[in-house]
Amino acid sequence: MHVVVNAAISIDGKLSTRRREQVAISGERDFERVSELRANNDAILVGIGTVLADDPHLVVEGSYRKRRQDQGLIPTPHRIIIDSRARTPTDAEVLDDEAPTYIIVSESAPTSRQADLEVEGANVMIAGRDRVSMPAALSALADSGMSSIMVEGGGEIIFSLFEANLVDELSVYVGSMLIGGRDAPTLADGDGFIDDPTQLQLTSVKQIDDGVLLQYDVETTASTYDSID
Ligand SMILES: NC(=O)c1ccc[n+]([C@@H]2O[C@H](COP(=O)([O-])OP(=O)(O)OC[C@H]3O[C@@H](n4cnc5c(N)ncnc54)[C@H](O)[C@@H]3O)[C@@H](O)[C@H]2O)c1
Ligand SMILES: Nc1nc(=O)c(N)c(NC[C@H](O)[C@H](O)[C@H](O)COP(=O)(O)O)[nH]1
C-alpha cells in the first residue's frame, strides 16, 4: 500500500486552533493541489477527530471526476474513517452516496452504532481490540482492492502511521500564519518519538501563494505493514 500524508500547518506547526476548529491555512491554489492529490489515489483517509471537528466531504469534483471515469475508476476515491468506537455521526458528510465510505472500528465499538452506520451505507470493518490498529486497517483495505491512500489528518492519525512506519511520502503546506497554543493539534501528535525520530528526505520546495509546499520521501526501515502482509 502506498501512503501519502498531506497536511497544511501554520509556521509554528499547528493544524488548527486549540478549539480544534477548522482553519483555512491553504489558499485556493493549494486546495487545487490537494484535489489533484485526492484524485490520484484510490482512497482518502482521515481520523474521527477530523470528522467531528470539520465534517469533511472528501470528494473530488468536475474535471477530476471525468478524468477518473475515463481511466475506468469510480468518479471520486473511496473515503476511509479511522473510528475506534464508531462515533461517526449518521448525518456526516462522508456518509452521502457520492463515494463508497469505509469506517474502520475496533472490537470495542458498540454493535448498535456499527449497525446505524451500515444503515447509512458505510462499509464497517474491524481492525484492533480497543483502538484501531493501523497496520491491520491498511492490510484490510489492501484486501479490498485499494493500493494507494492519501491521508488528510489529523495529528493523532498521522503520528500513528509514522509510528507504525507506514508512510511513504509527506507533503506539508506551510501557511504564512502563526496559530500558537500548547494544546492546538500539530502535524504529528500522539506520544511522540523519544530516541528514534522518523528521518525524512526533502524532495521538493515550492512557493504556492504566500506559503511554501515542502515534500519529503520517508526513509523507511522494515515496515510493520510489509511484515504482516
Ligand atoms: N490543517 C490540516 O491539514 C488539517 C487536516 C486534518 C485535520 N485538521 C485538524 O486537526 C484536528 C483533528 O485532529 P485530531 O488529531 O484531533 O484527530 P484525528 O483526525 O487524527 O483523529 C484521532 C482520533 O482517531 C481515533 N483513533 C483510532 N485509532 C487510532 C490510532 N491508531 N491512532 C490515532 N488515533 C486513532 C482516536 O479516537 C483519536 O482521538 C481538527 O482540529 C482539524 O481541524 C487539520
Ligand atoms: N489541505 C488542507 N488545508 C487546510 O488549510 C486545511 N484546513 C485542511 N484541512 C483538512 C481537513 O480534513 C478538511 O476538513 C478537508 O480538507 C475538508 O475537505 P472537504 O473540502 O470538506 O472535502 N487541509
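Two residues are in contact if their C-beta atoms, placed from the backbone, lie within 7 Å. In this predicted model, among contacts in the chain between residues at least 6 apart in sequence, 70% join residues at least 24 apart.

The model is read with pLDDT limits, at least 70 for local features and 80 or more for side-chain atom pairs, while totals for chains, interfaces and linings use all residues. Residues are numbered from 1 along each chain as its sequence is written, and chains are lettered from A and ligands numbered from 1 in the order in which they are written.

With 229 residues, a compact globule would have a radius of gyration near 17 Å, and the chain agrees, having 17 Å (taken over C-alpha atoms; the globule rule is 2.2 Å times the number of residues to the power 0.38). Buried residues, those with 20 or more other C-beta atoms, placed from the backbone, within 10 Å of their own, make up 39% of the 229 residues.

The chain has seven helices and nine strands, which are DSSP runs (H or I, at least four residues, for helices; E, at least two, for strands) numbered from the N terminus.

Each ligand has a shell of residues whose C-beta atom, placed from the backbone, lies within 6 Å of it.

| Ligand | Surrounding residues | Closest residues |
|---|---|---|
| Ligand 1 | 28 residues | Gly-47, Gly-49, Gly-153, Gly-154 and Ser-160 |
| Ligand 2 | 15 residues | Ala-8, Ile-25, Ser-26, Asp-54 and Pro-56 |

Around ligand 1, strand S1 (2-9), strand S2 (43-47), helix H2 (48-54) and helix H6 (155-163) each supply at least two residues of the shell, and H2 gives the most, with five residues.

Notes
Buried ≥ 20, exposed ≤ 12 C-beta atoms within 10 Å, placed from the backbone.
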